[in-house]
Amino acid sequence: VGYKALAANVSDIAAMGGEPKFALVSVCVPPAWSEERMRRLYDGLYECAEHYGVAVIGGDTTSAPQDLVVAVTVIGAVEAGRAIRRSGARPGQAVFLTGPTGLSAAGLHALQRIAAAEGAKRDRLAALLPPRLAQAHRRPVPSVKAGRILAETGWGTSLNDVSDGVASEAWELAEASGVRLVLKEKLLPLSGGLSAYAGDNGLRATDLALFGGEDYVLLGTADKSCEQELRERLRAEGIPLFVVGEVEEGPPGVELEEADTGLRKPLAKRGYNHFAEGAV
């Protein structure tokens, strides 16, 4: 929980091509939480901070009547004029992802099944838990390096991190830029055992990839002319690049080109909504 609380905020800095610098952490601790439990939370938080070079410079600690609250603010920096906003997508550009999506949502589904089970069934489900899916949910990897490359080179024209789901983030880019994004189902990166897990549990891998969220890879746009250079630059850092669609003129919105029919359909603005129940 501590690691993820900081990582989610680090990702917001990465989503503008920035470098995370400082963090303020405030916690409200209920009586049921022991000192040892809080120590573990801070161990995770500081592990993430060390990994991304973030200095925890302050915050606040108070008591809470029942539930634990962890509030994190991360402050970052980016060179003047280099910040990548949501509003820079232009017709003719490519839409890309810097990693696969849906893994975190599948990991959450698996962990919730385990939590709801009892006895031998719980043990069996825990033994079958796909490690990569659980890791994707518990220990997400903010795409700071990819964001820095996109900002330093000027190749990224618009950018978002996939916190609330690809569909939701794509809509934000489309609306901010005043364009239409066309995502191609056949190009969505489904990896890490996602398709197998979805098939075994009556889920659609594409739905997890589009609407799941909390993957913290980057969704953005770039001129097609720099695609190969960008791919090579990212590959040198061990970062994949998946071109998953293109930007077109038209009323702001997002369409999905279906893999089996080639038909385009409006993509619902679905994903995690912080003010409504349910993530998908």
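Good morning. The model is a predicted one, in which local features need pLDDT of at least 70, side-chain atom pairs count only at pLDDT 80 or more, and totals for chains, interfaces and linings use all residues. Residues are numbered from 1 along each chain as its sequence is written, and side-chain values use heavy atoms, with hydrogens and water left out.

I begin with helix H1. Helices (H or I, at least four residues) and strands (E, at least two) are DSSP runs, numbered from the N terminus. H1 has 13 residues and spans 19 Å from its first C-alpha to its last, close to the expected 18 Å at 1.5 Å a residue; that expected span is 1.5 Å times one less than the number of residues. Of the 13 residues of H1, 12 are buried, where buried means under 20% relative accessible area, exposed over 50%, and partly exposed in between, with a 1.4 Å probe and protein chains only. Among the buried residues of H1 are Tyr3, Lys4, Asn9 and Ile13.

Next, how H1 meets its partner. Two packed helices are described by the angle between their axes and the distance between the axes. For H1 (residues 2-14) and H2 (residues 35-51), the axes come within 6 Å and cross at roughly 35°. Here axes are lines fitted to C-alpha atoms, for helices over the stretch in contact, and angles run from 0 to 180 degrees between N-to-C directions. H1 contributes Gly2, Tyr3, Leu6 and Ala7 to the contact, and H2 contributes Leu41, Gly44, Leu45, Glu47, Cys48 and Ala49, with contact meaning heavy atoms within 4.5 Å. By class, this contact of H1 with H2 has 7 nonpolar, 2 polar and 1 charged residues. Ala, Val, Leu, Ile, Met, Phe, Trp, Tyr, Cys and Pro count as nonpolar, Asp, Glu, Lys and Arg as charged, and the others, Gly among them, as polar.

How many disulfides does a search of the whole structure find? It finds 0, a disulfide being a pair of cysteine sulfur atoms within 2.5 Å. Cys48 counts as buried because its relative accessibility is 0%, and Cys226 is buried at 8%.

I turn to helix H3, residues 103-116. H3 has 14 residues and reaches 20 Å between its end C-alpha atoms, close to the 20 Å expected at 1.5 Å a residue. Its buried residues include Leu103, Ala110, Leu111 and Ile114. What covers the buried residues of H3 includes helices H4 (119-127), H5 (131-138), H8 (194-200) and H9 (205-211).

Glu214 has a positive phi of about 65° although it is not a glycine, and phi of Tyr216 is near 60°. Are these residues buried or exposed? Glu214 is partly exposed at 26%, while Tyr216 is buried at 5%.

Finally, two single residues. Leu267 follows strand E10 (264-266) and is buried at 5% relative accessibility. Leaving aside residues up to four places away in sequence, Leu267 touches several residues, including Trp171, Leu210, Phe211 and Val254. Asp60, in strand E2 (residues 55-63), is partly exposed at 45%. With the sequence neighbours up to four places away again left out, Asp60 touches Val25, Ser26 and Val27.
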